[in-house]
Amino acid sequence: MKRKRWSDDDIAKLRGMAQKMPPTQIAAALGRGVAAVTVKAHELKLSLRMHPAGQRPTADASEVDVRLE
């Protein structure tokens, strides 16, 4: 099977769709497999995990210094 190279336009589209669409929809929009999209997102250090519209992820408890006094 011949692999399709990632163009700058494809990468820009992936960046724009990451966290806004499920990986299956991103793959379909780019004409690629889910695995290819997942691998490229990992290479680009992009999260594909979706978040509720208008909300950014918050730091999880391991990243927050909580001091009770």
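Start with α3 in this predicted model: what covers the buried residues of α3 includes α1 and α2.

**Stop 1: α3**

Select Val37, Lys40 and Ala41, the buried residues of α3. Look down the axis of α3: these buried residues fall within an arc of 100°, so they line one face of the helix. The general rule behind such a pattern is that an α-helix has 3.6 residues a turn, so residues three or four places apart point the same way.

Now turn to the face of α3 that points away from the buried side. Select Ala35, His42 and Glu43, which are the exposed residues carried there.

Go back to Ala41 and show its contacts. Leaving out residues up to four places away in sequence, Ala41 touches Leu14, Leu46 and Leu48.

**Stop 2: α1**

Select Asp10, Ile11, Leu14 and Met17, which are buried in α1. Around the axis they cover an arc of only 130°, which puts them on the same side of α1. Among the elements that cover these buried residues of α1 are α2 and α3.

After α1, select Gln19. Its phi is positive as well, near 70°.

**Stop 3: the largest nonpolar core**

Select Leu14, Met17, Ala18, Ile26, Ala27, Leu30, Val37, Ala41 and Leu48 together. These nine residues form the largest nonpolar core. Colour the helices by element: α1 (8-17), α2 (23-30) and α3 (34-43) are the elements that give two or more residues to this core. Which element gives the most to the core? The answer is α2, with three residues.

Several residues from the earlier stops return here. Leu14 and Met17, both buried in α1, belong to this core. Val37 and Ala41, buried in α3, belong to the core too.

**Stop 4: the largest pocket**

Finally, select Arg3, Lys4, Trp6, Arg32 and Ala36. Of the 11 residues that line the largest pocket, these lie nearest its centre. The space in this pocket comes to about 320 Å³.

What kinds of residue make up the lining of the largest pocket? Six are charged, four are nonpolar and one is polar.

Note on methods: Residues numbered from 1 in each chain as written. Predicted model: local features only at pLDDT ≥ 70, side-chain atom pairs only at ≥ 80, totals over all residues. Heavy atoms only, no water. Core = buried A, V, L, I, M, F, W, Y, C linked by side-chain atoms within 4.5 Å. Buried < 20%, exposed > 50% of the residue type's maximum accessible area, 1.4 Å probe, protein only. Helix = DSSP H or I, 4+ residues; strand = E, 2+ residues; numbered from the N terminus. Contact = heavy atoms within 4.5 Å. 1 Å grid on protein atoms, 1.4 Å probe; cavity = no way out; pocket = protein on both sides within 12 Å on 5 of 7 lines; lining within 4 Å. Points joined across faces, edges and corners; volume = space filled by probe spheres on them. Nonpolar A, V, L, I, M, F, W, Y, C, P; charged D, E, K, R; others polar. Arc of directions from axis to C-beta.
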